[in-house]
Amino acid sequence: MRYVIITGMSGAGKTTALKFLEDMGYFCVDNLPIPLLEKFTELAESGKKIYPMIALGIDIRNVSSLQELGSIISRMKSEGKDIVTVFMDADDDVLVKRYKETRRNHPLAGKDRIEVGIQKERAQITFLKEKSDYIIDTSQLLTRELNEALGNIFLMQQEYDNLFLSILSFGFKYGIPADADLVFDVRFLPNPYYITELRPKTGNDPEIRHFVMDHPEAEEFLKKLEDMIRFLIPNYIKEGKNRLVLAIGCTGGKHRSVTIANEIFTRMQNNRTYGLRVEHRDLDKDARQGK
């Protein structure tokens, strides 16, 4: 029997994770009192109906006994139980935004601001993050991307190295993305903007892809970039980084950067053990501005 404990910051996606596991066939219980955890597993294993996979949502709502969770999990593992802990996390500003969108109050905020509750929660559950088997940062993840990350862990039975790589195309004239970790300028490549019939198209169109990739410097750049990223990822993971934003920029974020971002995304999909997404920030901005 496998037990999965979903824990982490309130608003980081624990409910979504439990719904995904339920769809996978897990028997899910949210907000189980921590003192009942071991008794629950005994009942689950001794009952007439056997649940081969159980997922438990445990978070700050168990504040009075949260400190016991680490020792209970260690004890269960020492007894030979198959137990996996997933810690859901997100940046504080993202959590604040999510709380404001749902108009809910943080469980530890009381009469204080939401930010205060988040700070209190993070201080109290940091020890769980350090002991978790997997950490998923949902700051920039869509629901389908979170499901993909969970699928890598539980459905595909792949190793997941607690890192999510976002490949982001952008236009320099709209500003460098504030959250970018690595920024690469592809304005050295020939620009299809100056060819009238290509100007309205984007890097998602085959005509633009062929135009950009038909130049040998594009292929050489991609090989060097892929080699560097594959070198950096395990070293970032070793240092505890769980999110990496790779930004590819051209003038308007519509042609060259989109093509290169798509190409590196395709190449990094092979033999990966980390989450991966591609996003085109400025793809339609020229059209919206009537250019």
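A residue counts as partly exposed when its relative accessible area lies between the buried limit, under 20%, and the exposed limit, over 50%. In this predicted model, Asn-31 has a relative accessible area of 31%, so Asn-31 is partly exposed.

**Asn-31 and its surroundings**

Asn-31 sits in the loop between β2 (27-30) and α2 (37-46). Leaving aside residues up to four places away in sequence, Asn-31 touches Gly-57, Asp-59, Arg-61 and Asn-62. With Asn-62 there is a polar contact, side chain to side chain, at 3.4 Å. Val-63 lies 32 residues from Asn-31 in sequence; C-alpha to C-alpha, the two are 11 Å apart in space.

**Helices α7 and α9**

Helix α7 covers residues 206-213 and helix α9 covers residues 256-268. Their axes come within 9 Å and cross at roughly 85 degrees. Angles of 65 to 115 degrees count as roughly perpendicular, and α7 and α9 are therefore roughly perpendicular to each other. From α7, the contact involves Ile-208, Arg-209, Val-212 and Met-213. From α9, Arg-256, Thr-259, Ile-260, Glu-263 and Arg-267 take part. By class, this contact has four nonpolar, one polar and four charged residues.

**The chain as a whole**

The chain has 10 helices and nine strands. Other values for the chain follow.

| Property | Value |
|---|---|
| C-alpha span along principal axes | about 70 × 45 × 35 Å |
| Residues counted as buried | 50% of 291 residues |
| Accessible surface | about 14700 Å² |
| Share of that surface on carbon and sulfur atoms | 50% |

Among contacts between residues at least 6 apart in sequence, 79% join residues at least 24 apart.

Definitions and conventions. Residues numbered from 1 in each chain as written. Predicted model: local features only at pLDDT ≥ 70, side-chain atom pairs only at ≥ 80, totals over all residues. Heavy atoms only, no water. Axes fitted to C-alpha atoms, helices over the stretch in contact; angles between N-to-C directions. Helix = DSSP H or I, 4+ residues; strand = E, 2+ residues; numbered from the N terminus. Parallel < 35°, antiparallel > 145°, perpendicular 65-115°, else oblique. Contact = heavy atoms within 4.5 Å. Nonpolar A, V, L, I, M, F, W, Y, C, P; charged D, E, K, R; others polar. Buried < 20%, exposed > 50% of the residue type's maximum accessible area, 1.4 Å probe, protein only. Polar contact = N/O pair within 3.5 Å; in protein donor to acceptor, adjacent residues only side chain to side chain. Areas by Shrake-Rupley, 256 points an atom, 1.4 Å probe, with all protein chains shown as cover.
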